[in-house]
Amino acid sequence: MRTITLIIVHCSANRAGSALRLADIDRYHRSLGWKGCGYHYVIPTDGTIETGRTEAEVGAHCKKHNRHSIGICYIGGMSADGKPADTRTDAQRTSLRKLLEALHRKYPRALIVGHRDLDPQKDCPCFNAVSEYADLQPH
Ligand SMILES: [Zn+2]
């Protein structure tokens with residue numbers, strides 16, 4: 001079993017309303033020579049929680065932090081004019097919270113962060129995950 005110290009939230013950097021799903025990301029990541037979707041979970045705009053890698057597997061989503069983390073990606077993160085934006089639909093917000101609640105129960109010592117909290121060069125996931133999920137942080 002891996003030791004999970006971080007749950008990292010990402011956006012896919014697609015424009016609001018993108019119909020992308022896990023299968024598309026899986027295809028794209030395979031085209032890069034990876035062994036399938038780099039995230040553990042993907043949440044398309046309809047709020048489905050799609051499973052990519054198993055939690056036992058190391059992901060490929062955040063340089064230097066993959067070994068000890070779980071990666072979740074919601075589809076979106078860009079406004080219609082291509083700027084970083086929190087484009088989560090109500091269904092995505094609901095599912096993301098539900099998933100994080102379950103992961104928090106399973107990994108109570110893991111910090112929930114956004115990709116940008118680990119790499120200041122990034123806007124991803126275009127909202128403040130640390131404060132939004134303050135109630136699910138280790139205490
Ligand atoms: Zn990211």
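Residues are classed as buried under 20% relative accessible area, as exposed over 50%, and as partly exposed in between (1.4 Å probe, protein chains only). The structure is a predicted model, in which local features need pLDDT of at least 70 and side-chain atom pairs count only at pLDDT 80 or more, whereas totals for chains, interfaces and linings use all residues. Residues are numbered from 1 along each chain as its sequence is written, and side-chain values use heavy atoms, with hydrogens and water left out.

Strand β1 is covered on both faces, with Leu 6, Ile 8 and His 10 buried on one side and Ile 7, Val 9 and Cys 11 buried on the other. Because six of its six residues are buried, β1 is largely enclosed by the rest of the structure. Strands (E, at least two residues) and helices (H or I, at least four) are DSSP runs numbered from the N terminus, and two strands are taken to pair if DSSP finds at least two bridges between them. By this criterion β1 pairs with β5 in the parallel sense over six bridges, and Leu 6 stands opposite Ser 69 in β5. A parallel pairing over four bridges joins β1 to strand β7 (residues 111–114), where Val 113 stands opposite Ile 8.

His 10 belongs to strand β1 (residues 6–11) and His 115 to helix α3 (residues 115–118), so the pair ties together parts that are 105 residues apart in sequence. Both histidines are buried, with relative accessible areas of 1% for His 10 and 9% for His 115.

An unreviewed UniProt entry annotates residues 1–126 as "domain: N-acetylmuramoyl-L-alanine amidase"; such annotations may be inferred rather than shown by experiment, and their positions are given in the numbering used here, with feature names shortened. This span is 25% helix and 20% strand, and its end C-alpha atoms lie 31 Å apart.

Salt bridges were assigned where a side-chain nitrogen of Lys or Arg lies within 4 Å of a carboxyl oxygen of Asp or Glu, and the count comes to twelve. One of them joins Arg 27 and Asp 24 at 3.4 Å, N to O. These two residues are three apart in helix α1 (residues 22–31), and are therefore separated by about one helical turn. Arg 27 is exposed at 54% relative accessible area, while Asp 24 is partly exposed at 26%. In another salt bridge, the closest N and O atoms of Lys 35 and Glu 57 are 3.6 Å apart. This pair links distant parts of the chain, 22 residues apart: Lys 35 lies in the loop between α1 and β3 (41–43), and Glu 57 in the loop between β4 (50–51) and β5 (69–74). Lys 35 is exposed, at 58% relative accessibility, and Glu 57 is partly exposed, at 30%. Asp 86 and Arg 93 are both partly exposed, with values of 30% and 34% respectively.
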